[in-house]
Amino acid sequence: MKVAYYPGCSLHGLAKEYGISVEVVCKHLGINLKEIEDWNCCGATAAHSLNHELTISLSARNLAIARDMKMDKVLAPCAGCFSRLKGASYELRNNKTLAAEVAEIIQSAAPVEPEVKNLLQLIMEEPGLLDKIQSRVVKPLRGLKLAAYYGCLLTRPKEIVQFDDPELPVSMDMILKALGADTVTWAHKAECCGGGYAASDTDIVLDLSGQVLESAHRAGADAIVVACPMCGVNLDTRQEAAAALKGKKYDMPIIYLTQLMGIALGYSPGQLGMKRHLISPFPLLQSKGLA
């Protein structure tokens with residue numbers, strides 16, 4: 001299966017470990033990622049609040065390149081990038097006036113294809129892929145109690161994403177269970193971590209991230225699993241400060257879904273970029289015989 005790959009800025013930089021693990025896992029599963037040639041930043045998270053036509057055009061240019069690569073799917077593992085690309089595709093299909101304006105800006109026909117998918121959607125909607133993943137597990141994640149954290153963008157807005165339940169999603173839980181792990185029932189699986197305010201208002205970030213961490217802790221989770229670099233970085237780098245506000249210490253590893261997939265498929269934590277985490281996942285993985 002060939003898929004156009006949009007890594008966005010984070011997977012080549014701040015969340016490089018996510019990008020590494022995405023590429024390792026996809027190669028193992030026979031998903032041939034073709035990085036979009038000369039891609040540009042999608043504008044997340046600030047551009048859409050400044051100039052609507054510009055932010056749609058940023059995503060449209062990437063989609064037009066993928067279309068010209070003759071690809072029918074774009075994988076955007078970053079939730080922010082996914083939201084911007086998916087939202088742009090939706091608007092271009094449903095707003096002819098905007099599509100004409102964007103076509104003039106990017107000097108190309110406004111793209112209505114290819115289809116944009118996040119990682120969870122690709123796994124769940126590609127026929128047989130989840131079964132294939134389960135059949136290739138060589139190191140089951142037995143003994144791990146995980147909080148599957150979707151954040152606010154992977155399943156929202158419902159009318160645009162049209163995948164999973166926006167309030168009570170289950171797709172990541174199903175993938176983790178296929179890997180042999182247990183998932184906890186908790187209240188904040190689809191709540192915001194405050195990522196959009198990472199630079200402008202850290203008090204909001206510490207409050208919202210602290211709520212997510214506390215909820216996972218109360219549910220008895222060993223770790224929080226993410227599929228969004230902003231969520232991952234927020235919960236990892238700000239965990240100590242968020243916990244201090246509550247007078248607690250969580251030591252809660254924040255692990256990308258693809259890193260756990262890689263472990264279950266037989267790769268070492270080092271091959272999946274796990275040394276880059278501030279809250280080290282190694283003690284937890286070693287205690288379960290997974291590292």
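These are my notebook entries on one predicted protein model, looked up piece by piece.

**Ground rules**

I number residues from 1 along each chain as its sequence is written. Since I work from a predicted model, I ask for pLDDT of at least 70 for local features and count side-chain atom pairs only at pLDDT 80 or more, while totals for chains, interfaces and linings use all residues, and my side-chain values use heavy atoms, with hydrogens and water left out.

**Entry 1: the whole chain**

I began with the helices and strands, which are DSSP runs numbered from the N terminus (H or I, at least four residues, for helices; E, at least two, for strands). The protein chain has 14 helices and eight strands.

Next I looked up the radius of gyration, which is taken over C-alpha atoms; the globule rule is 2.2 Å times the number of residues to the power 0.38. For 291 residues a compact globule would come out near 19 Å, and the protein chain has 19 Å, so the two agree. I also noted the box that the C-alpha atoms fill along the principal axes: roughly 55 × 45 × 30 Å.

How much of the protein chain is buried? I call a residue buried under 20% relative accessible area, exposed over 50% and partly exposed in between (1.4 Å probe, protein chains only). By that rule, 54% of the 291 residues count as buried.

The accessible area comes from the Shrake-Rupley method with a 1.4 Å probe, and for residues only the protein chains shown count as cover. The protein chain exposes about 12500 Å², and carbon and sulfur atoms supply 51% of it.

Then I turned to contacts, meaning heavy atoms within 4.5 Å. Of the contacts in the protein chain with a separation of 6 or more, 75% are between residues 24 or more positions apart.

**Entry 2: helix α4**

I checked the length of α4, residues 79–94. The expected span of a helix is 1.5 Å times one less than its number of residues. The 16 residues of α4 should span 22 Å, and the end C-alpha atoms are 22 Å apart, so the rule holds here. Among the buried residues of α4 I found Cys81, Phe82, Leu85, Lys86 and Leu92.

Is α9 largely enclosed or open? Six of its eight residues are buried, so the rest of the structure largely encloses α9. The buried ones are Ser171, Met172, Asp173, Ile175, Leu176 and Ala178. I traced what covers them, and the cover includes helices α6, α7 and α13 as well as strands β5, β6 and β7.

I picked out Ser171, which sits in α9 (residues 171–178). Ser171 is buried because its relative accessible area is 3%. Beyond residues up to four places away in sequence, Ser171 touches Leu120, Met124, Tyr150, Phe163 and Asp164. Just after α9, I noted that Gly180 takes a positive phi of about 105°.

Gln121 belongs to helix α6, and with a relative accessible area of 2% it is buried. Setting aside neighbours within four places in sequence, I listed the contacts of Gln121 as Phe82, Lys86, Val116, Glu126, Val161, Gln162 and Phe163. Phe82 and Lys86 are already in my notes as buried residues of α4.

Gly210 lies in helix α10 (residues 202–218) and counts as buried at 0% relative accessibility. Which residues does Gly210 contact, leaving aside its neighbours within four places in sequence? I found Val205, Ala242, Lys246 and Tyr250. I also saw that the C-alpha atoms of Gly210 and Glu240 are 9.5 Å apart, although 30 residues separate them along the chain.

A reminder to myself: most residues other than glycine have a negative phi, and most peptide bonds are trans.

I found a cis peptide bond between Glu113 and Pro114, with omega about 5°. Pro114 is in the loop between α5 and β4. Another cis peptide bond joins Arg156 and Pro157, with omega about -5°. Pro157 is in the loop between β5 and α8.

Asp38 is not a glycine, yet its phi is positive, about 55°. Asp38 lies in the loop between β2 and α3, and it is exposed because its relative accessible area is 61%. Asp164 is not a glycine either, and has a positive phi of about 60°. Asp164 sits in the loop between α8 and α9 and is partly exposed at 25%. Asp164 is also one of the residues that Ser171 touches.
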